[in-house]
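Student: Please take one part of this model and go through it closely. I would like to know what it touches, and how the rest of the chain is arranged around that.

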Amino acid sequence: MLKISTKGRYALRIMIDLAHHIEDGPVSLRAVAERQQVTLKYMESIMSLLLREELVVSSRGKSGGYKLTREPKDYSVYEILHAAEGNLAPVQCLATTVNDCPLQGTCPTLPMWEGLNELVMNYLGKYTLDTLVQGDNMIHACER
């Protein structure tokens, strides 16, 4: 079963929060953690994943913090979840670029899994961070 962990859900919340405050310049992680009611330590671990994938940048100093590297419309939900969760493939054999499963040529279920994988990628890919920012009242109700 494809299951998005708290890490993925919180990564989306962090990115939505940063998008809401895009005009404020760098935002402190402490402020995001307080608004999102997530521990600072957990936020730091998620932020390191977002930094590694260059979805956000950081700056140090008195007015330092984190900010988006692009406009909210230029982020897909898929890429944010992928940065936080790693591969989102429904089965292990599709988790790598090359399917090296010894049963690949004869597996009767492979086309089904490939179809599901494509559906998930397309579905999450059609939503942007901007989509979530614009409709985040509905999202907040679903997260709890």
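This is a predicted model: local features need pLDDT of at least 70, side-chain atom pairs count only at pLDDT 80 or more; totals for chains, interfaces and linings use all residues.

**Helix 1 and its surroundings**

Tutor: Helix 1 passes helix 2 in a right-handed crossing. The axes of helix 1 and helix 2 come within 10 Å and cross at roughly 115°. Helix 1 is therefore roughly perpendicular to helix 2. On the helix 1 side, the residues that meet helix 2 are Arg13, Ile14, Asp17 and Leu18. On the side of helix 2, which covers residues 29-36, they are Val32, Arg35 and Gln36. Sorted by class, this contact holds 3 nonpolar, 1 polar and 3 charged residues.

An α-helix has 3.6 residues a turn, so residues three or four places apart point the same way. Likewise, a pair of packed helices is described by the angle between the axes and the distance between them.

Now take helix 3, which covers residues 40-52. Helix 1 packs on helix 3 at an angle of about 80°, and their axes are 10 Å apart. So helix 1 is roughly perpendicular to helix 3 as well. From helix 1, the residues in this contact are Thr6, Lys7, Tyr10, Ala11, Ile14, Met15 and Leu18. From helix 3 they are Tyr42, Met43, Ile46, Met47, Leu49 and Leu50. This contact divides into 11 nonpolar, 1 polar and 1 charged residues.

Helix 4 covers residues 77-85, and its buried residues are Val77, Tyr78, Ile80, Leu81, Ala83 and Ala84.

Glu85 also lies in helix 4. Is Glu85 buried, exposed or partly exposed? A residue counts as buried under 20% relative accessible area and as exposed over 50%. Glu85 has 23% relative accessibility, so Glu85 counts as partly exposed. Setting aside neighbours within four places in sequence, Glu85 is in contact with Ile4, Ser5, Lys7 and Gly8. Just after helix 4 comes Gly86, with a positive phi of about 85°.

Helix 4 leads on to helix 5. These two helices pack at an angle of about 115°, with their axes 6 Å apart. Helix 4 is therefore roughly perpendicular to helix 5. Val77, Tyr78 and Leu81 of helix 4 meet Met121, Leu124 and Gly125 of helix 5. By class there are 5 nonpolar residues, 1 polar residue and no charged ones. Val77, Tyr78 and Leu81 are also among the buried residues of helix 4.

Asn117 is found in helix 5. Its relative accessible area is 14%, so Asn117 is buried. Beyond residues up to four places away in sequence, Asn117 touches Leu88, Ala89, Pro90 and Leu94. In contrast, Thr97 sits in the loop between helix 4 and helix 5 and, at 85% relative accessibility, counts as exposed. Thr97 and Trp113 are 16 residues apart in sequence, and their C-alpha atoms are 15 Å apart in space.

Last, the whole chain. The protein chain has 7 helices and 2 strands, in the order α-α-α-β-β-α-α-α-α from the N terminus. Its C-alpha trace spans about 60 × 30 × 25 Å along the principal axes. Of the 144 residues, 37% are buried. Among contacts between residues at least 6 apart in sequence, 63% join residues at least 24 apart. The chain exposes about 9100 Å², of which carbon and sulfur atoms supply 54%.

Note on methods
Residues are numbered from 1 along each chain as its sequence is written. Side-chain values use heavy atoms; hydrogens and water are left out. Buried means under 20% relative accessible area, exposed over 50%, partly exposed in between (1.4 Å probe, protein chains only). Helices (H or I, at least four residues) and strands (E, at least two) are DSSP runs, numbered from the N terminus. Contact means heavy atoms within 4.5 Å. Axes are lines fitted to C-alpha atoms, for helices over the stretch in contact, and angles run from 0 to 180 degrees between N-to-C directions. Angles under 35 degrees count as roughly parallel, over 145 as roughly antiparallel, 65 to 115 as roughly perpendicular and the rest as oblique. A crossing is left-handed if the near helix is turned anticlockwise from the far one by less than a right angle, and right-handed if clockwise. Ala, Val, Leu, Ile, Met, Phe, Trp, Tyr, Cys and Pro count as nonpolar, Asp, Glu, Lys and Arg as charged, and the others, Gly among them, as polar. Accessible areas come from the Shrake-Rupley method with a 1.4 Å probe; for residues, only the protein chains shown count as cover.
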